[in-house]
Amino acid sequence: MKSSVIKGMGAHVPGRVITNKDLEKMVDTSDEWIVSRSGISRRHIVSEGEYTSDLALAAAQQALENAGMESSDIDAIIVGTTSPDYTLPSTAAVVQRELGVKGCAAFDVQAACSGFIYGLTIADSFLKTGSMGTALVIGAETLSRIVDWEDRSTCVLFGDGAGAAVVCAEEPNGTGTGRQGILHSQLLCDGGCAEFLRSTGGPSRTRTVGYITMDGPEIFRRAISYSVDTAQQLLDEARLSVADIDWFIPHQSNRRIMDGIIKRLDMPESKLIENIADYGNTSAASVPIAMTEAIGDGRIKKGDLLLLSAVGSGLTWAALLMRW
């Protein structure tokens, strides 16, 4: 079996910023209320004429540059998104066109906030068997387009952005959990909880996109318990412990949720990579944006053991262990 190794990452967010102070003028809320309940201070929002594929393309180009590779090297493009440019074609197909690539596989994954980890796991399945050599995995969202800006319970939470990873099949470097690349992953869903986080519309049911609605208390409780249980299962499978983890990179949903997860895992806060204050919840984009930042500033170093985790609408949840 080959190893699936990330060779380069990239991220991109829109230039437009909406702060908590800006939101105070739009809905009945306050900076103190938002920060105390979510940890968010500001979020990046697309401007008119700026789309999910634009963010995805910019992140992909940066990832390719950091990997020292060309778009012609790509065998598959996988985009995790809940806010595609179109109902059809896929956002991945649009990105493929803009990259000037022809003939490679290109498709979207709709697993909401878990989309990037779902995409990495799918890519890993292709790469480790040798059926593909290089995959471009992207998490990209423009959630501002499906947020009700009059609903103070949701509009304060979400932001737009994209993150991307170039993943390559390589001969194993090391053995067991010491080898570089993706080690273990788990993808799960409980459709019985679908009503807790959903949109009010859809092409088949209403012929509209709708707006995000959320049962905050249910999501809060389940996000913590699902993340903790899955992380522990992965560690048990790998015969590792929380102490072996160098960096925990969760979906940036809510700072209180992240704090709850590390407390339940008995993990020191110093191992948590978080940037929610500056970006808000960017759904499928949040894990790769946080990873790209932590690689860029030198926190993540070669040989580090990373734990990625996310919970999203579906309810989907996912976790992945990898050696950087």
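Strand β4 (residues 76–80) and β5 (105–109) pair in the parallel sense over 5 bridges. Here two strands pair if DSSP finds at least two bridges between them. Helices (H or I, at least four residues) and strands (E, at least two) are DSSP runs, numbered from the N terminus. This is a predicted model: local features need pLDDT of at least 70, side-chain atom pairs count only at pLDDT 80 or more, and totals for chains, interfaces and linings use all residues. Residues are numbered from 1 along each chain as its sequence is written, and side-chain values use heavy atoms, with hydrogens and water left out.

**The β4/β5 pair**
- Ala76 has Ala105 of β5 as its bridge partner.
- From β4 the chain crosses through α4 to β5, and this β-α-β crossover is right-handed.
- Right-handed means that, with the strands pointing away from the viewer, the path from the first strand over the helix to the second runs clockwise.

**The open sheet**
- Four strands form an open sheet in the order β8-β13-β12-β11, with mixed pairing.
- β8 (181–189) and β11 (247–250) stand at the edges with a single partner strand each, so one side of each is left without a neighbour in the sheet.
- From one strand to the next, the twist averages 10°.
- β12 and β13 (residues 316–323) run antiparallel and are joined by 8 bridges.
- Leu306 has Met322 of β13 as its bridge partner.
- α6 lies across β8, β12 and β13, at about 140° to β8.
- Contact means heavy atoms within 4.5 Å.
- Axes are lines fitted to C-alpha atoms, for helices over the stretch in contact, and angles run from 0 to 180 degrees between N-to-C directions.

**How space is defined**
- On a 1 Å grid over the protein atoms alone, a cavity is a set of points where a 1.4 Å probe fits but cannot get out.
- A pocket is an open set with protein on both sides within 12 Å along at least five of seven lines.
- Lining residues have an atom within 4 Å of a point.
- Grid points are joined across faces, edges and corners, and a volume is the space filled by probe spheres set on the points.
- For linings, Ala, Val, Leu, Ile, Met, Phe, Trp, Tyr, Cys and Pro count as nonpolar, Asp, Glu, Lys and Arg as charged, and the others, Gly among them, as polar.

**Largest pocket**
- Its volume is about 1200 Å³.
- Its lining has 41 residues, with Thr82, Pro84, Gln110, Ile146 and Val209 nearest its centre.
- α3 (52–67), α4 (91–99), β5 and β9 (197–199) each give two or more lining residues.
- The largest share, 3 residues, comes from β9.
- By class, the lining of the largest pocket has 16 nonpolar, 19 polar and 6 charged residues.

**Second largest pocket**
- This pocket holds about 480 Å³ of space.
- Among its 26 lining residues, Ser153, Leu157, Met214, Gly216 and Asn254 are the closest to its centre.
- α2 (31–38), α6, α7 and β12 each supply at least two.
- α6 gives the most, with 5 residues.
- The lining of the second largest pocket divides into 15 nonpolar, 9 polar and 2 charged residues.

**Cavity**
- The structure holds 1 cavity of 30 Å³ or more.
- The largest cavity has a volume of about 70 Å³.
- Its lining includes Ala223, Ser227, Pro250 and His251.
- α6 (216–238), α7 (255–265) and β12 (305–312) each supply at least two lining residues.
- β12 gives the largest share, 3 residues.
- The cavity lining has 6 nonpolar, 4 polar and no charged residues.
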